[in-house]
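Below are my notes on the model you sent.

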Amino acid sequence: MDLLTTLVDKGLRRELPTREEALAVLATSDDDLLDVVAAAGKVRRHWFGRRVKLNYLVNLKSGLCPEDCSYCSQRLGSTTGILKYTWLKPDEASKAAAAGLAGGAKRVCLVASGRGPTDRDVDRVAGTIKAIKDQNEGVEVCACLGLLSDGQAERLREAGADAYNHNLNTSEATYGDITTTHTYADRVDTVQKAHAAGLSACSGLIAGMGESDADLVDVVFSLRALDPDSVPVNFLIPVEGTPLAKEWNLTPQRCLRILAMVRFVCPDAEVRIAGGREVHLRSMQPLALNLANSIFLGDYLTTEGQAGQADLDMIADAGFEVEGSDQVTLPEHRAAGGGCGTSSSSAGACGTEAGACASDTATPEPRTDLVTVRRRGAGTDLAPNA
């Protein structure tokens, strides 16, 4: 396909595809899917070889959130029956992180529910970062605490945080349909604050919330313009008790096309398969490693993932290798702070015209059997999945 040849060439040069090219990837047929994966895989291997970076989530504060994000089981008014607890003590968080690090994780992601941290919360997280780093040489720590106020990103950086995560989640045009208690612009502002403070910015999306192809392209182009070092791609986990519990819009093939499109638009960024891979990619997860160079090990914030050893076996069986703590994830130009660069002046262009919805016409059967609320690990007395 001429399209794929063009996209590979652009990916190797870090050149931004056109919107039409990105939309065309999402519209490819199942007959062409392996060709799409192979093409995007060339771009992935050029920048990241066959390494897979492992990340591990620690939910510092679960539930109790005043925000109304429709996809989230921790939202205001949620009836999902998730674990609810206030801040873990530094030693508790460090113990939880140690399990993931023992399993091969290179980065620990410290997450807390809520609109955003108070200054006291930042101090609390700073103590947790110190505890983890004191006990684990070379570990990367990413904080994900919600919307940041002025000066907080700098304080997290001084405390030893390496990165900050705050996802855009969906396109600006549809954001108000998903969340009303804060705005898309608020999220952009926090990513920019993290960048300005010298933190490695981590920002991604959630697919499967009923968005169109155009919405997906819009948010990924917006991410390219923000230039995060890592782009987590979440696939909606439709948890009972949330407004999006009935949104079962994804197939494994659809997920692979989305990951390929993200790789072509953000060729040299760490593309991470995040929440929902077990639910929606299912037996196609190993194929997705040809597109993404990063995954979460073990469980997510409020739901369970597949067994940690199964993740490690999957990586090895697919012919990939776990990235070591002595290896640098990002390409040299990114690790040096050079950003991804683009030869196109339209890097930030994000149209809002209507696009075709998923090219998969059959409605997938809900796999509610694959959604399990987390009852182990952080905030419990049970051993974590790592």
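Contact here means heavy atoms within 4.5 Å. The model is predicted, so to speak, by its record: local features need pLDDT of at least 70, side-chain atom pairs count only at pLDDT 80 or more, and totals for chains, interfaces and linings use all residues. Residues are numbered from 1 along each chain as its sequence is written, and side-chain values use heavy atoms, with hydrogens and water left out.1. K106 sits in the loop between α4 and β2 (107–112). Helices (H or I, at least four residues) and strands (E, at least two) are DSSP runs, numbered from the N terminus. K106 has a relative accessibility of 5% and therefore counts as buried; buried means under 20% relative accessible area, exposed over 50%, and partly exposed in between (1.4 Å probe, protein chains only).

1. Leaving aside residues up to four places away in sequence, K106 touches K53, L54, V139, E140, E323, G324, S325, Q327, V328 and T329. With G324, a polar atom of the K106 side chain lies 3.3 Å from the backbone oxygen. A polar contact is a pair of N or O atoms within 3.5 Å; within protein, one must be able to donate a hydrogen and the other to accept it, and residues adjacent in sequence count only if both atoms are side-chain atoms.

2. Helix α4 (residues 90–102) and helix α5 (residues 119–135) have axes that come within 8 Å and cross at roughly 45°. α4 is therefore oblique to α5. Axes are lines fitted to C-alpha atoms, for helices over the stretch in contact, and angles run from 0 to 180 degrees between N-to-C directions. Angles under 35 degrees count as roughly parallel, over 145 as roughly antiparallel, 65 to 115 as roughly perpendicular and the rest as oblique.

3. On the α4 side, P90, A93, S94 and A97 meet G127, T128, A131, I132 and Q135 of α5. The contact has 5 nonpolar, 4 polar and no charged residues. Ala, Val, Leu, Ile, Met, Phe, Trp, Tyr, Cys and Pro count as nonpolar, Asp, Glu, Lys and Arg as charged, and the others, Gly among them, as polar.

4. Helix α1 (residues 2–12) packs on helix α2 (residues 19–26) at about 120°, and their axes are 11 Å apart. This angle makes α1 oblique to α2. L3, T6, L7 and K10 of α1 make the contact with E21, A24 and V25 of α2. By class, these residues divide into 4 nonpolar, 1 polar and 2 charged.

5. A24, in helix α2, is partly exposed, at 27% relative accessible area. Its C-alpha atom is separated by 15 Å from that of L34, 10 residues apart along the chain.
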